[in-house]
Amino acid sequence: MNEDSTGGGPAVPGGQWYDADAGPLVRPYAMTGGRTRPGPSNVRFDLIALVVVDDDPPGAAEEGLLGPEHRSLLALCRAETQSVAELAADADLPVGVVRVLLGDLLESGFVRVSRPVPPAQLPDERILREVIDGLRAL
Amino acid sequence: MAYERSESTGTGAGDGVDTTALALKILVAGGFGVGKTTLVGSVSEIRPLRTEERLSRAGELVDDTGGVDQKTTTTVAMDFGRITIRSGLSLYLFGTPGQDRFWFLWDELSQGALGAVVLADTRRLEDCFPAVDYFEHRKIPFVVAVNCFTGARTYGAHEVSRALDLDRGTPVVLCDARDRDSGKEVLIRLVEYAGRMHTARLLDSVG
């Protein structure tokens, strides 16, 4: 995206930008301190990796040090176990940003993340049968 | 649809990774306007998902970035939906972005996918060729679902299968993407087929 389109650029003749038209007030990766990849462990969260709150999270003092986006993600995880994709949609943040923020939460011990089942070990017949029955019952 | 809380929270493996809850991924692909969003929406609670992706080389050729040197990422919107089978077992559907320049997203989406639905419109059958090729090459189980638009001539599943030159056994299902039961049937056919493919591969690997 062009930096000029988010304000600070030259005035456009014949109109001003308002609200959403002006683009996001905060550039997405500003929330991650400019990082586009998760921290040192460099995990790449799958879209359907499930994020759960850690049973033994750091204390309130440490939580107080988290940024607002970290905290809203944590609140969403507390409400229910969610996939990375759902967290991004609910927090209204791009997936790339959510991955970086989740990396922070994982490293500081606030959440745990499930690894999706690798294709080679994909569902035994019993699970697929369960899926089919579940779909029929929808 | 009610979202259930996963029962997996108490059984951590200790290394920050938890493997008890199971999430399966199904892709919904096909040409522009063929009904991908409609299908995902008819069987699940659909939500829009934004990704902020680095522009691929292919994307740079298509997107005119002249004079905008800073542009290295682009926002891609996808649809996704979740179907909760039971606590700890969910099915996630992803509508793949139709434009060719987003192929790089497909690679990520298809990793670990259980299978794919290729939606087809018999009036523009060629629109689904890229998706058929993609899944055939990567040996990802897929079914072709012919979205029967009103006013379109109806072809039999066999005719569509021949026109697409599908591998033997690849299911072709006639459907109405707007209809929940019809959409469910498409997914059921896919899961059954994925199961058969999986078993066949296991037999191959031991035989």
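## Strands β1 and β4 of chain B

Strand β1 (residues 22-30) of chain B runs parallel to β4(B), and seven bridges join the two; strands here are DSSP E runs of at least two residues, helices are H or I runs of at least four, both numbered from the N terminus, and pairing takes at least two DSSP bridges. One of the links into β4(B) pairs B:L22 with B:L89. Six of the seven residues of β4 (residues 89-95) of chain B are buried, so the rest of the structure largely encloses this strand (buried: 20 or more other C-beta atoms within 10 Å of a residue's own; exposed: 12 or fewer; partly exposed in between; C-beta atoms placed from the backbone).

## About the model

This is a predicted model, where local features need pLDDT of at least 70, side-chain atom pairs count only at pLDDT 80 or more, and totals for chains, interfaces and linings use all residues. Residues are numbered from 1 along each chain as its sequence is written, with chains lettered from A and ligands numbered from 1 in the order written.

## The core

The largest nonpolar core has 79 residues, and A:V84, A:L102, B:I26, B:V117 and B:V118 touch the most other members (a core is a set of buried Ala, Val, Leu, Ile, Met, Phe, Trp, Tyr and Cys residues joined through C-beta atoms within 7 Å). α4(A) gives the most to this core, at eight residues.

Setting aside neighbours within four places in sequence, B:I26 has contacts that include B:L91, B:L93, B:V117 and B:L190 (contact: backbone-placed C-beta atoms within 7 Å).

Methods: Two residues are in contact if their C-beta atoms, placed from the backbone, lie within 7 Å.
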